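Try each task before reading its solution.

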Amino acid sequence: MNRRSLGSRLAALAAVTAALAGCASDDGDDAAPPASAAPSTASSRPPGSGGTPARTPDGTLLVTDFGADTVTFVDPAARDGAAGLGPVRVGTAPYGIALGEDGTAWVATAEGVAAVDTRTRERTALIPYRTDTGPVTTGEYRGGGMGIALSPDGGRVYVGVNVPGGNGTLEVVDTRRREVTRVVPVGRRPFDVDVSHDGRQVYATNHDSFDVTVVGTGDWTTRRIEVAPYGTEGGLGSWLKPHYTAVRPSDGALLLPFEGERLAVVDPGTGRVRIEDMTANTHQHGVTAGADGTLYVVGTGPIHPSRGDGPSLTVRTPDGDERIIPLDGPHETVALSADGRTAYVTGGFTRDGSWDGLSVVDLGSGGVTRLPVGERPLAVAVLGEGAPRRA
């Protein structure tokens with residue numbers, strides 16, 4: 001996620017195991033975190049890195065290593081991807097990234113929100129959550145931060161926090177004080193967090209409760225919008241749930257793809273949901289919108305091996321025309337190069353079957369190059385002036 005045929009499928013969905021999530025309470029902006037929650041400011045380059053690192057060049061990619069405790073800096077032009085830039089330790093099982101104009105990357109991990117200086121490639125803080133997420137673990141259902149976004153003025157980070165077993169929370173981080181100032185209840189497993197263009201609303205896309213929570217940043221009130229174009233049959237065991245959201249540049253509508261068949265277009269003001277047809281016929285996760293409103297959607301493959309098409313990247317124009325670019329293996333999220341000519345699609349699928357790399361897609365020719373990098377790379381951001389702020 002600002003700075004991814006019904007009838008024959010439902011029988012296969014019932015056997016999917018139930019997912020977990022959690023809840024917490026709202027607190028005031030000026031409430032101080034407990035003493036034990038003081039942010040860590042120690043540098044976290046790997047042992048032996050030594051010295052002062054060279055400045056990170058524009059166009060470098062930053063990916064979260066969901067299978068490790070690091071983020072990896074990637075040169076997309078290098079054959080091996082790393083080109084000597086290397087990983088930085090941030091915290092267990094990092095998930096989403098929000099990139100600030102000052103060069104700070106905010107990373108949602110199982111332990112807290114990490115701040116990374118992308119120019120020098122050092123972690124400068126680890127801000128613990130105020131939500132009780134239980135023991136720090138790894139894997140698809142781990143507690144802790146998932147979706148993350150930055151306010152337009154850069155003053156706040158919003159992170160969706162999963163608590164195994166119930167509803168999640170949205171934690172608000174003051175980027176100057178580097179502490180959590182508010183906790184707002186949202187739905188179950190907040191995969192994605194997005195912000196309206198004017199900063200007045202935050203949207204938490206809650207995978208396991210089939211909804212988006214709209215949070216007003218003025219009074220911190222919340223509204224639930226159900227987004228379930230296939231209904232909610234199957235509950236926690238269903239695959240037909242929302243994953244990631246794109247905010248449409250033209251009007252602020254929320255765009256949520258489902259199964260390469262249906263695009264839910266949500267008016268966050270009225271709560272109305274309109275459905276448009278899609279054509280990829282594949283289980284869909286990550287989504288991002290280009291400046292012109294073109295939508296890029298990651299297809300991970302069929303729910304059931306005998307039904308549906310394989311992994312792909314859908315390129316959908318604002319008028320609804322779609323081009324499907326096949327991909328090899330499961331993928332999760334997507335980001336665009338600053339010039340909009342290249343898409344970077346991560347191989348760190350949240351479920352089983354991930355691979356350690358990126359697919360680099362030439363959007364003109366449709367050519368795909370696989371680039372080995374990281375450990376289960378999940379989110380990706382492009383560094384440099386003019387680059388999109390977040391995957």
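Predicted model: local features only at pLDDT ≥ 70, side-chain atom pairs only at ≥ 80, totals over all residues.

**Exercise 1: around Thr300**

Work out what surrounds Thr300 and whether Thr300 is buried or exposed.

Step 1. Skipping neighbours within four places in sequence, Thr300 has contacts (heavy atoms within 4.5 Å) with Thr282, His283, His285, Pro311, Pro330, His331 and Phe349.

Step 2. Thr300 sits in strand S21; strands are DSSP runs of E, at least two residues, numbered from the N terminus.

Step 3. Thr300 has 9% relative accessibility, so it counts as buried (under 20% relative accessible area; exposed is over 50%, partly exposed in between, with a 1.4 Å probe and protein chains only).

Residues are numbered from 1 along each chain as its sequence is written, and side-chain values use heavy atoms, with hydrogens and water left out.

**Exercise 2: over to Pro311**

Locate Pro311 and list what it touches.

Step 1. Look in the loop between strand S21 (295-301) and strand S22 (312-316): Pro311 is there.

Step 2. Beyond four places in sequence, the residues Pro311 touches include Thr282, Thr300, Pro326 and Pro330.

Step 3. With a relative accessible area of 19%, Pro311 is buried too.

**Exercise 3: a sheet**

Find the order of the open sheet formed by 4 strands.

Step 1. The order reads S12-S13-S14-S15, with antiparallel pairing (two strands pair if DSSP finds at least two bridges between them).

Step 2. At the edges are strand S12 (190-195) and strand S15 (222-226), each pairing on one side only.

Step 3. S12 and strand S13 (residues 201-206) pair over 5 bridges.
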